[in-house]
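The following note sets out several points on the structure shown below. It is arranged so that each point can be checked against the model.

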Amino acid sequence: MIKITDKSACCGCSACASICAHKAIAMKPDGMGFLYPEVDESKCVDCGLCNQVCAFNSTYDKSQNLDSPDVYAVRHKDMDEIETSRSGAVFIALSDWILEQGGIVYGAGYEGHFSVVHKRAVSKEERNEFKGSKYVQSDLGDSFCLVKDFLQKDRWVCFSGTPCQIEGLSKFLRKPYEKLILVDVVCHGIPSPLIWSKYLECQKQTFPKPDNIRFRDKFYGYKYSTMSIIQDGKNVYHAGSQLDPMLRAFFSDTCDRPSCYKCPFKKRYRVSDFTIWDCFSVYDFDKKLDDDKGTTRVLCHSQKAASLMQEVMESARCEEVSADKLVAGVKEMFESVPMNPKRTVFLGDAAKMSGKELFEKYYPVTNKVKVKTAIRKALLMTGIYGTMKKCLNRVRGR
């Protein structure tokens, strides 16, 4: 029987709840909205499967890994796909191929009033909802069980998610499937769903009926993280990471899941077929792609991934690069986020304050913040900001 006595040892992947044939385990939210397994002991037969599939109890099986991974900097050839994606749209190229085989694609989307959940798509229109970052932990629901069912019916499945979700699914399935493509996205950390709800509550006062909310929008370009709100088909709000309170909370690490501060899934060699993430320093690989449009770094861990990349090359520009150079200096790939000393008091206030009160207390938009933001935008628009970033990264060895 699985029991969570240390919250930092559970990533909420739902593998334990999914494997239980007796439905004795349910994923329940804590006060911060993070999901944890809760056991109904009257239904539990103590078979031990839940502990066996726990991703935190696993050792990594490298049998499916290539000895030397194929490594690329990738950009889709269709500029419309680039503009509506958050980096180089490699996931679009990968998932297009899966859909063309009659397969299923899983990714994070919205449900209801912008709750983040994992969804499945059988068409490109449905899949397009997965475009863009979602800086909130998605509720996986019964996704793992449905993925297994599709695979047993000999359907192609492409499942994208955070590294912990990918490793949880792999443990749940307990064996490799030839038609399963696992795509993990290099993850900074997973913010609290409660903080997300506080943000929505706060924004609703000004924008009562948004059509969409875009994390990491390219409103000011690829290299300037922007939160955008779309209402009545128009971009009515666009604030960068120095102004938007949700992005400020995210990047200051005040509200991440406890396991994010001791993440065992941050490593170079992974259980996924593909690892994908941003390539802001694209100038180190191809100066022609350094145009602030977006490029994706791609690690192909398996032979399946290497083969599928040959298909992707029909719709995307793929520059083969050095693996060591591609991962050099990428902290998010190897290092857990540091816990902000204000986390405990911030989350304590979040439980009792309104969204407006919370963000005005911890992330006020002061004149100093406004001036710094204005200077950064000006530098960005003139191209100086990008040059400064390049120089700084090279000094740091990145």
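**Notes on the central sheet and the aromatic pairs**

1. S6 and strand S7 (residues 180-185) pair in the parallel sense, over 5 bridges. Two strands are said to pair if DSSP finds at least two bridges between them; helices (H or I, at least four residues) and strands (E, at least two) are DSSP runs, numbered from the N terminus. Within this pairing, Cys158 stands opposite Ile181 in S7. From S6 the chain passes through helix H7 (residues 163-173) to S7, and this β-α-β crossover is right-handed. The term right-handed applies if, with the strands pointing away from the viewer, the path from the first strand over the helix to the second runs clockwise.

2. The model is predicted: local features need pLDDT of at least 70 and side-chain atom pairs count only at pLDDT 80 or more, while totals for chains, interfaces and linings use all residues. Residues are numbered from 1 along each chain as its sequence is written, and side-chain values use heavy atoms, with hydrogens and water left out.

3. S6 also pairs with strand S4 (residues 104-111), in the parallel sense over 3 bridges. The bridge partner of Ile104 in S6 is Val157. Strands of a sheet pair through backbone hydrogen bonds, either parallel or antiparallel.

4. Buried means under 20% relative accessible area, exposed over 50%, and partly exposed in between (1.4 Å probe, protein chains only). In a regular strand the side chains alternate between the two faces of the sheet. Both faces of S6 are covered, with Val157, Phe159 and Gly161 buried on one side and Cys158 and Ser160 buried on the other.

5. The open sheet has 8 strands in the order S5-S4-S6-S7-S11-S12-S3-S13, with mixed pairing. Its edge strands, S5 (115-121) and S13 (316-320), each pair on one side only. Neighbouring strands of this sheet are turned by 30 degrees against each other on average, direction ignored. Axes here are lines fitted to C-alpha atoms, for helices over the stretch in contact, and angles run from 0 to 180 degrees between N-to-C directions.

6. Helix H7 packs on the sheet, touching S5, S6 and S7, and its direction makes about 150 degrees with that of S7. Helix H10 (residues 303-312) also packs on the sheet, and its direction makes about 135 degrees with that of S12 (296-302). The strands touched by H10 include S3 (65-76) and S11 (274-278). Contact means heavy atoms within 4.5 Å.

7. Met309 is placed in helix H10 and is buried, at 0% relative accessibility. Not counting residues up to four places away in sequence, Met309 touches Tyr72, Val74, Phe274, Val298, Cys300 and Cys318. The C-alpha atoms of Met309 and Val90 are separated by 9.7 Å, although these residues are 219 residues apart along the chain.

8. Val90 lies in helix H4 (residues 90-100) and counts as buried at 1% relative accessibility. Leaving aside neighbours within four places in sequence, Val90 is in contact with Val74, Ile276, Thr296 and Val298. The C-alpha atoms of Val90 and Val298, 208 residues apart along the chain, are separated by 8.3 Å.

9. The structure holds 19 aromatic pairs. Rings of Phe, Tyr and Trp (its six-membered ring) pair if their centres lie within 6.5 Å; planes under 30 degrees apart count as stacked, over 60 as edge-to-face and the rest as tilted. Tyr199 and Phe359 form an edge-to-face pair, 6.4 Å centre to centre with 80 degrees between the planes. Tyr199 lies in helix H8 (residues 193-204) and Phe359 in helix H14 (residues 355-362), so the pair ties together parts that are 160 residues apart in sequence. Tyr199 is buried, with a relative accessible area of 1%, and Phe359 is buried at 3%. One aromatic cluster is formed by Tyr135, Trp196, Tyr199, Phe215, Phe250, Phe251 and Phe359.

10. Two charged side chains may also be noted. The charged end of Lys134 sits over the ring of Tyr110, 5.6 Å from its centre, and that of Arg257 sits over the ring of Tyr36, 4.3 Å from its centre. A charge sits over a ring if NZ of Lys or CZ of Arg is within 6 Å of the ring centre and within 35 degrees of the ring normal.
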